[in-house]
Amino acid sequence: MSAAPADTRVPVFIVTGFLGAGKTTFLRRAQQGAAFSGALLLVNEAAAFGVDDRLLRGDAVAVTLLANGCLCCRIDRGVKEELHRVLALDRGRHAFDRVILELSGLADPLAVIATITSDPYLDGQLRIALVVTLVDCLHAAQSADAAEHRRQIEAADIVLLTKTDLATPEAAAQAAGHVAALQPLARCIDAADARFDRLMEEAGPLRADRLALETFDAGGLPRTALLAHTGAAGGFACAAPGPDTFCLRIEERLDWTRLALWLSLLLHAHGARILRIKGFLSLDGAQAPVLINCVRHIAYFPEHLEPEADAGEGAGAPSFLVFIVEGLSADRIARSFSACVSGRPVAAIAATPAADRSE
Ligand SMILES: Nc1nc2c(ncn2[C@@H]2O[C@H](COP(=O)(O)OP(=O)(O)OP(=O)(O)O)[C@@H](O)[C@H]2O)c(=O)[nH]1
């Protein structure tokens with residue numbers, strides 16, 4: 001009996017997880033190893049202003065920002081068009097040997113998978129190799145009600161638990177239990193112990209085993225395939241009305257003390273409604289932009305980027321902050337920022353591209 005022909009399609013590695021779970025942190029660690037070598041990296045952001053693509057370069061063949069918000073709703077203009085475009089440009093020359101797709105924290109990976117597998121051209125060129133979902137042990141319980149968060153775990157072949165260094169053992173155990181309830185077949189490990197290049201090597205058997213178990217349990221089509229196609233056919237319902245995404249862009253350099261005080265007051269008062277704040281700041285006296293990250297009530301240590309490592313416009317470029325919030329007024333936040341931090345008027349900019357907002 002002759003062996004089945006080898007699958008020569010380009011493998012696609014999907015990295016997903018809710019807002020602030022640690023996707024970019026994991027990928028930044030991976031870019032120091034061999035994981036990015038030969039890869040085409042697509043970074044999807046919830047806002048039109050990219051942060052993550054500036055942090056991820058490594059040896060990747062190319063890095064493309066898909067700043068099209070909630071990707072599952074705009075899949076035709078987002079990942080699908082981009083994959084068609086790069087594959088057409090490549091014309092079989094194989095300039096890249098894998099695709100790494102970092103999804104926005106609000107994206108539904110099952111819808112993304114369905115879009116790729118239901119497009120005959122893409123399905124002929126690409127195969128889904130692995131879905132890695134990052135789950136934040138500090139916030140797994142708070143995010144449990146978000147449909148996106150559940151679908152991200154349901155899609156997972158591997159779940160990486162993040163922030164185990166900050167979480168209590170009880171919170172980490174609770175997060176692992178939450179994962180097991182939603183996707184018992186995923187392998188769940190501490191992100192600190194995970195290496196992306198190793199996961200890539202094991203991807204084939206890992207995914208095949210999970211899908212085989214799932215098919216066996218369901219007695220037919222894998223459950224996640226059914227979920228994906230139900231979502232795709234019916235148009236996956238994004239959480240309505242959904243979080244608001246907006247940006248503040250500030251032209252002048254900022255005073256760190258005033259900004260830090262304002263942020264800590266904002267998070268203290270409204271952290272429960274702040275899903276995410278991230279951005280680059282141009283601070284008085286700093287040689288390069290400073291990266292800041294907040295998730296719910298927590299502000300993480302600011303990171304002074306190395307001037308040569310920053311792929312943006314460098315020191316002195318306008319600061320920008322992306323906010324993803326629930327039930328907070330963008331204008332009030334902008335007014336408060338103007339009054340307490342910059343001393344000049346700052347307007348909140350809708351962070352989703354105009355074309356997308358018309359939908
Ligand atoms: N202490 C600690 N901090 C972490 C860990 N993982 C991520 N962080 C921090 O959490 C913040 C958010 O991490 P990101 O990697 O930007 O999260 P993300 O999932 O890419 O965020 P979005 O793309 O906005 O959804 C950053 O300040 C990280 O430094 C971890 O395991 N331990």
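This is a dialogue on reading a predicted protein model.

Trainee: What kind of model is this, and how are its residues numbered?

Mentor: This is a predicted model: local features need pLDDT of at least 70, side-chain atom pairs count only at pLDDT 80 or more, and totals for chains, interfaces and linings use all residues. Residues are numbered from 1 along each chain as its sequence is written.

Trainee: How many helices and strands does the protein have?

Mentor: Helices (H or I, at least four residues) and strands (E, at least two) are DSSP runs, numbered from the N terminus. Here there are 13 helices and 14 strands.

Trainee: Which strands form the open sheet, and in what order?

Mentor: Strands of a sheet pair through backbone hydrogen bonds, either parallel or antiparallel. Two strands count as paired if DSSP finds at least two bridges between them. In this open sheet, seven strands follow the order β3-β2-β4-β1-β5-β6-β7, with parallel pairing. β3 (62-66) and β7 (187-190) are at the edges. Each has a single partner strand, so one side of each has no neighbour in the sheet. From one strand to the next, the twist averages 20°. Axes are lines fitted to C-alpha atoms, for helices over the stretch in contact, and angles run from 0 to 180 degrees between N-to-C directions.

Trainee: Which helix packs on the sheet by touching β1 and β5?

Mentor: Helix α4 (residues 109-117) does, touching β1 (10-17) and β5 (126-136). The direction of α4 makes about 175° with that of β5. Two residues are in contact if their C-beta atoms, placed from the backbone, lie within 7 Å. Helix α7 (residues 147-154) lies across β1, β5 and β6 and runs at about 125° to β5.

Trainee: How many bridges join β2 to β4?

Mentor: Five bridges join β2 (residues 39-44) to β4, and the two run parallel. L40 is opposite V99 in β4. β1 and β4 also pair in the parallel sense, over four bridges. There, I14 has L101 in β4 as its bridge partner. At the β7 end, β6 (residues 158-162) and β7 pair in the parallel sense over four bridges. I158 has R187 in β7 as its bridge partner.

Trainee: Which way do the residues of β4 point?

Mentor: In a regular strand the side chains alternate between the two faces of the sheet. From β4, R98, I100 and E102 point one way, and V99 and L101 the other. Five of the five residues in β4 (residues 98-102) are buried. A residue is buried if 20 or more other C-beta atoms lie within 10 Å of its own, exposed if 12 or fewer, and partly exposed in between; C-beta atoms are placed from the backbone. Across the protein, buried residues make up 44% of the 359 residues.

Trainee: Why does L27 count as buried?

Mentor: L27 counts as buried because it has 23 C-beta neighbours inside 10 Å. L27 sits in helix α1 (residues 23-30). L27 touches V15, L56 and E102, not counting residues up to four places away in sequence.

Trainee: Where does the ligand shell lie?

Mentor: It lies between domain 1 (10-234) and domain 2 (244-357), because both give residues to it. Those domain bounds come from an automatic or database domain assignment. The ligand is surrounded by 20 residues, and the closest are G22, T25, G105, N293 and Y300.

Notes:
A residue is near a molecule or strand if its C-beta atom, placed from the backbone, lies within 6 Å of it.
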